[in-house]
Amino acid sequence: MTVKVFLLDDHEIVRRGIRELLEMESDIEVVGESGSAQEATRRIPALRPQVALLDARLPDGSGLDVCRDVRSVDPSIQGLILTSFNDEDALATAILAGAAGYLLKDIKGQDLVQAIRRVAAGEKLIDPAVAQRVKRSWEEDRGADPRLRTLTPQERRILEHVAEGLTNRQIGEAMFLAEKTVKTYITAVLAKLGMERRTQAAVFAATHLGAEEEGQAHRAPRRHP
């Protein structure tokens, strides 16, 4: 059976290299590619690849968000995140987005090919124990306020930066996101919190996130010397 793959990476030379690598395999077909998160979110469900190979960080969004959005439309499409950053927050977001695997870009070519085949066959490349630990930690970490529970890990990080008083540009630089993307995230955060102004969100974050951290500190087991 031929494995159909969609490529998402904002660097054309990277996409070209991966495409050439995959086209050398008789059982893999690249059915589409894009350098835009928004375009990929629109095209992937229509093309119905078995595997979407997604760059984690893009100028107009995130491959993690693309994974979540695509799988909400068609859960049969497997998301395989390919990134240059060994980021625990990104790994947590990938797990929560339903990604089947999280790979670093220094992976060898044949290892990437095998990863695609394994994911297409329904195998998960993220250790189940790690996935469970991340999900459990995230559930415990979302605090008592029900509004916090609606935020994704990425949105929560945005909210934390807002509380620190960073501008959209500064947040974008800190999180490797386009300024326009940050603005979109903040709009979503305000909507989920039921707020209209950035200052309201900053006060909310300073109050609730701080209280949440104190609560976790009290719940943490004490270590005896």
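Biologist: How many salt bridges does the rule give?

Modeller: The count comes to 16. A salt bridge here is a side-chain nitrogen of Lys or Arg within 4 Å of a carboxyl oxygen of Asp or Glu. This is a predicted model, where local features need pLDDT of at least 70, side-chain atom pairs count only at pLDDT 80 or more, and totals for chains, interfaces and linings use all residues. Residues are numbered from 1 along each chain as its sequence is written, and side-chain values use heavy atoms, with hydrogens and water left out.

Biologist: What makes E33 and R15 a salt bridge?

Modeller: Their closest N and O atoms are 3.0 Å apart, and the rule asks for within 4 Å. The pair links distant parts of the chain: E33 is in strand β2 and R15 in helix α1, 18 residues apart. Helices (H or I, at least four residues) and strands (E, at least two) are DSSP runs, numbered from the N terminus.

Biologist: What about E23 and R19?

Modeller: Their side chains also meet in a salt bridge, at 3.0 Å from N to O. Both residues lie in α1, four residues apart, about one turn of the helix. E23 is at 47% and therefore partly exposed. R19, at 23%, is partly exposed too. R15, R19, E23 and E33 are linked in a network of salt bridges.

Biologist: How do you know that the buried residues of α1 share a side?

Modeller: R15, I18 and L22 are buried in α1. They cover an arc of only 70° around the axis, so they sit on the same side of α1. The arc is that of the directions from the helix axis to the C-beta atoms. In general, an α-helix has 3.6 residues a turn, so residues three or four places apart point the same way.

Biologist: What covers those buried residues?

Modeller: The cover includes β1 (3-8), β2 (28-34), β3 (51-55), β6 and α5 (109-120).

Biologist: Why is β6 called largely enclosed?

Modeller: Six of the six residues of β6 are buried, so the rest of the structure largely encloses β6. Q78, L80 and L82 point one way, while G79, I81 and T83 point the other way.

Biologist: What makes β6 a partner of β3 and β7?

Modeller: Two strands pair if DSSP finds at least two bridges between them. β3 and β6 have five bridges, in the parallel sense. β6 and β7 (residues 101-104) have four, also parallel. L82 in β6 is the bridge partner of D55. L80 stands opposite G101 in β7.

Biologist: Why is L80 called buried?

Modeller: The relative accessible area of L80 is 0%, so L80 is buried. Contact means heavy atoms within 4.5 Å. Beyond four places in sequence, L80 touches residues including V51, L53, Y102, I116 and L125. L80 and I116 are 36 residues apart in sequence, yet 7.7 Å apart from C-alpha to C-alpha.

Terms used: Buried < 20%, exposed > 50% of the residue type's maximum accessible area, 1.4 Å probe, protein only.
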